[in-house]
Amino acid sequence: IDFADSESVFITPKPSRLVRRILEVASDEDSIILDSFAGSGTTGHAVLAQNAEDGGNRRFILVEQEDYADTLTAERIRRVIQGAPQAKDKALQAGLGGSFTFCTLGPNFDDETLLKGGLPSYQEMGRFVFFTSTGEKLDESQIDEPRCYLGESSRYSVYLIYQPDIEYLKRTPLNLDFAIHLPPANGKPRLVIASHKYLDEDRMAEYRIEFCQLPWGIYRYRAA
């Protein structure tokens with residue numbers, strides 16, 4: 001199969017039969033196979049082929065940082081799954097079936113990046129802390145800043161007590177007054193992100209609150 005002229009990119013590609021033999025010996029039928037240097041996608045191809053042969057449910061994670069990750073690596077996996085009529089192997093002509101998700105990394109996103117140039121807006125801080133505390137992307141349409149409400153994750157109702165103002169952060173903790181005025185619980189615990197808290201563990205349990213602290217880096221900045 002011609003995968004974007006792969007021969008000009010890979011002089012010695014891994015043979016898929018060898019990788020399949022390794023899978024036979026070293027994996028179970030529900031193993032997760034990681035290849036941190038995916039190259040042309042041979043490992044993903046081998047996993048799909050081995051699953052098709054023995055009925056396994058192996059999954060794979062392929063990592064590739066070069067610019068051919070989509071046009072070559074992922075494209076090979078697409079064709080292996082969907083079928084490649086020009087292939088010599090009849091199974092490949094029909095496609096081996098299966099599925100995968102292709103993801104790309106965005107720019108570096110940490111507190112140093114976030115705080116470069118000063119304190120970020122409520123929305124910018126919200127995106128950062130929502131992801132770092134829940135592992136999920138924030139749906140910004142849910143934000144209700146006056147209520148300090150960020151939105152729902154799969155596990156939490158998430159609140160952010162924050163303004164891009166050091167004095168505000170110093171005088172505005174998670175406290176009993178904030179807890180009392182939270183809306184009725186919707187079945188999920190409340191994750192409240194703030195600079196600090198004046199609420200003991202018993203009260204937090206009573207109001208189904210978990211606390212997450214804002215990045216310490218914000219204290220580098222001083223009110224003008």
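Analyst: Welcome! A residue is called buried when its relative accessible area is under 20%, exposed when it is over 50%, and partly exposed in between (1.4 Å probe, protein chains only). In this protein, buried residues make up 40% of the 224 residues. The model is predicted, so local features need pLDDT of at least 70 and side-chain atom pairs count only at pLDDT 80 or more, while totals for chains, interfaces and linings use all residues. Residues are numbered from 1 along each chain as its sequence is written, and side-chain values use heavy atoms, with hydrogens and water left out.

User: How many helices and strands are there in the protein?

Analyst: The protein has 9 helices and 8 strands. Both are DSSP runs numbered from the N terminus: helices are H or I with at least four residues, strands are E with at least two.

User: And how do I read contacts across the whole chain?

Analyst: A contact means heavy atoms within 4.5 Å. Of the contacts in the protein with a separation of 6 or more, 56% are accounted for by residues 24 or more positions apart.

User: Next, helix pairs. At what angle do the axes of H1 and H2 cross?

Analyst: The general idea is that two packed helices are described by the angle and the distance between their axes. Here the axes of H1 and H2 come within 9 Å and cross at roughly 60°. Those axes are lines fitted to C-alpha atoms, over the stretch in contact for helices, with angles from 0 to 180 degrees between N-to-C directions. That makes H1 oblique to H2; under 35 degrees counts as roughly parallel, over 145 as roughly antiparallel, 65 to 115 as roughly perpendicular, and the rest as oblique.

User: Is the crossing of H1 and H2 right-handed or left-handed?

Analyst: The two helices cross in a right-handed way. Right-handed means that the near helix is turned clockwise from the far one by less than a right angle, and left-handed that it is turned anticlockwise. From H1, Ser 16, Val 19, Arg 20, Leu 23 and Glu 24 take part, and they meet Thr 42, Thr 43, Ala 46, Val 47, Ala 49, Gln 50 and Glu 53 in H2. By class, this contact has 5 nonpolar, 4 polar and 3 charged residues. (Ala, Val, Leu, Ile, Met, Phe, Trp, Tyr, Cys and Pro count as nonpolar, Asp, Glu, Lys and Arg as charged, and the others, Gly among them, as polar.)

User: Could we zoom in on Arg 20?

Analyst: Arg 20 sits in helix H1 and is partly exposed, at 22% relative accessibility. Beyond its neighbours within four places in sequence, Arg 20 contacts Ala 46, Ala 49, Gln 50 and Glu 53. His 45 is 25 residues from Arg 20 along the chain, and their C-alpha atoms are 9.0 Å apart.

User: How are H2 and H3 arranged?

Analyst: H2 (residues 42–54) and H3 (residues 69–82) have axes that come within 9 Å and cross at roughly 15°, so these helices are roughly parallel to each other. Thr 42, Gly 44, His 45 and Leu 48 of H2 make the contact with Arg 76, Ile 77, Val 80 and Ile 81 of H3. By class, that gives 4 nonpolar, 3 polar and 1 charged residues.

User: Which side chain makes a polar contact with the side chain of Asp 35?

Analyst: The partner is the side chain of Thr 43, at 2.6 Å. A polar contact is a pair of N or O atoms within 3.5 Å; within protein, one must be able to donate a hydrogen and the other to accept it, and residues adjacent in sequence count only if both atoms are side-chain atoms. Asp 35 lies in strand S1 and is buried, at 11% relative accessibility. Not counting residues up to four places away in sequence, Asp 35 touches Lys 14, Thr 43, Ile 61, Leu 62 and Val 63.

User: Where does Tyr 156 lie?

Analyst: Tyr 156 is in the loop between strand S3 (149–152) and strand S4 (157–160). Tyr 156 is also buried, with a relative accessible area of 8%. Its side chain makes a polar contact with that of Arg 155 (3.2 Å).

User: Last one: what is phi of Cys 148 near?

Analyst: Most residues other than glycine have a negative phi. Cys 148, however, has a positive phi near 60°. Cys 148 is in the loop between helix H6 (122–134) and S3, and it is buried at 12%. Arg 208 has a positive phi as well, near 55°, but this residue is partly exposed, with a relative accessible area of 36%.
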